Every structure is written in structure tokens, then in C-alpha cells.
Amino acid sequence: MKHFLNTQDWSRPDIDALLRDAANFKRHKLGDALKGRSVALVFFNPSLRTRTSFELGTFQLGGHAVVLSPGKDAWPIEFDFGTVMDGEAEEHIAEVARVLGRYADLIGVRAFPKFVDWAQDREDRVLKGFAKYAGVPVINMETITHPCQELAHVLALQERFGTEDLRGKKYVLTWTYHPKALNTAVANSALTIATRMGMDVTLLCPTPDYVLDERYMGWAAQNVSENGGSLTVSHDIESAYTDADVVYAKSWGALPYFGRWQDEKPIRDQYKHFIVDEAKMALTREAAFSHCLPLRRNVKATDAVMDSPACIAIEEAENRLHVQKAIMAALIAQ
Ligand code: CP
């Protein structure tokens, strides 16, 4: 049984098929791929786009979605084994996932890192726990990667450039400032899918401390060796932006400072000038700009960039609906 935990687990032909199915769902909104079926959407963190697009996408394919927030409207869950459960958690993932798998045909999971111990967070235990016990396909709705966002992003780029073939495009994933240390998931994902598509990828970040986890740097390097393209790490804003075709912005916390963010804050505060603005975009080849959203205007990108024709963030957000319908239809049909 196939899950959708990471795009890296899916073959390139399967990714391409999902993107084509998503484009088809964009043209023909309604379908019956989930007729009589149900989807459990488990959110450990807030969401606007993911929750709305999964709920509406399930409805548009004839299915029914149930949304649960453990610790809020559902019981808190224990993920460790051998624990004497005399704390907050009322039930164990082994029961939660099995029970939901008896009710629902698909399970979506959003579980961000706890931001205390990266060695533990990088195990992705919540997602893996659901996948292990559910007995039905599990979809990653953002944990330490965000694969649904990856497909929505690529579909938006294919639409902007009028081609499925993105090879030869200069793609810049730029770190931007944010007052808080954020999840690296979307950055991990952007690096993964941009290299998977064979683009010439530059990871622009303030210092080597902001380079991403070795697992995702390794996936990106593997993708370059298999698909062509290139991968460069840069700390030079001007050279990174020059002649770019795509600028994708995201903020994330520096992994060496994981769990001691008070030490990272004064470092991060020196790099507010990484904001995406008109001057930087003017260095590009009229690049498409995007961000996964939510985005703090005039912190990560200026009003002028967000409101410019270069910005495809709304198209990308819309595409979440279409790609997730393609993913759910593919998983249910297996
Ligand atoms: N991009 C994204 O996943 O948005 P939400 O956090 O609002 O779901």
C-alpha cells in the first residue's frame, strides 16, 4: 500500500501523472473518485489552506472529510513506546491510527516539529506512526516536509512558463527573515522538488548555519545526479538573484540553534535585508515569485512584490486543491 509521505518516495513518472491529473481536476472540478469514501484529517497545528483545500477537495470528489485536532477537540496522543502514560496523553498512536483506519479510507496528518530537539523531530514519528498503524493510505499535510505544497508549486510554475519541462530554469530558494524560528519543511520540500524537476537550483541563505538538514541536501544532490540541473549554496544576494527565473521565499530556523532560539535571534535579526523586494527582483529575468503562504508582508516580501504580476502565490495556493484531489484519487484507486 502506497502512502504520500514524501515526493521522493514516488517515481518521476508517478509525480508527472499526479501533476497532469491535477491540471485535469483544475479544468473539471467535480468527480466521483471518493464517492462513498471518507477522509480523516488530523491537525496538530493550525492551517487555513491545507484544511480548506482538503475538506473541499474531498467534497468535490464525492467524499466526506472529518477534521480532528488532538489535544483540542480529540484526546491528546502518546507516540513513545514503553511509556507509562500517566501524563497528558489519553491514548496511544497504536490505537488512534488503527481506529481511524477502520472509519476512514484515507488519513491526512499535519504535525510540525516540536522545535526542541531536531534529532528527534527529524524522525517524523507522528507521520510514521500513522503510516505504520492506520492500515489505509496516509497523506503528509506538512510535517518536516510539505509534499502537497511541492506539487502545487510545480504546477503553478508549469502554468506560468507554459511547459511541463522546467529544466534550464534558474531557481532561487531564498531564506527570508521572520521574527520566529519557523519549520524547515517547505524549504526542504522546495529544494527536493526543484532539483527533481532538473532546474538549476540556488539555496540562498545568510550563513552556513541556515543550510538545510543533510537528508534534504542529500536528496537534492541525488536528484541532480539523476535528473541533471545543478545545486549551489550561496550567501550572496546579488549573484543569486541575477538572471533567476524563479524566486521562492521561505523563512526557517538555523538547525545548529534548534531548541535554543534565543541564541539564534540576534543572528537572524542581522539579516532582515533578505526580504524579497523590487530591487532584488529587478536583477532577475522577470522571475516568477512565490511563497507557500501564510506570508508576513513587508517582512518576507514587500507589498510591491506580492501585488506584482510576478507573484504566483495565489495560483500556488489554489493548486493545493487540485493536486490534493489528484493525490487522494490516486491513493484510493490503488
Ligand atoms: N501553505 C500551507 O500549508 O498553508 P496553511 O498552513 O494555511 O495550511
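1. Let's start with helix α7, which is mostly covered: 12 of its 12 residues are buried. Here a residue is called buried if 20 or more other C-beta atoms, placed from the backbone, lie within 10 Å of its own. Among the buried residues of α7 are Ala 185, Asn 188, Leu 191 and Arg 196. Helices are DSSP runs (H or I, at least four residues), numbered from the N terminus.

2. A word on what you are looking at. This is a predicted model, in which local features need pLDDT of at least 70 and side-chain atom pairs count only at pLDDT 80 or more, while totals for chains, interfaces and linings use all residues. Residues are numbered from 1 along each chain as its sequence is written.

3. Why does a span of 16 Å agree with the 12 residues of α7? The expected span of a helix is 1.5 Å times one less than its number of residues. For α7 (residues 185–196) that gives 16 Å, and its end C-alpha atoms are 16 Å apart, so the two agree. Just after α7, Gly 198 takes a positive phi of about 80 degrees.

4. Now step back to the whole chain. The protein divides into domain 1 (7–145 + 320–332) and domain 2 (149–316), with bounds from an automatic or database domain assignment. Taken over C-alpha atoms, the domain centres are 25 Å apart.

5. Where do the domains touch? Domain 1 and domain 2 each bring 23 residues to the contact, counted where C-beta atoms, placed from the backbone, lie within 7 Å. On the domain 1 side, α1 (12–27) and α13 (313–333) are the elements giving two or more residues, and α1 gives the most, with 5 residues.

Note on methods. Two residues are in contact if their C-beta atoms, placed from the backbone, lie within 7 Å.
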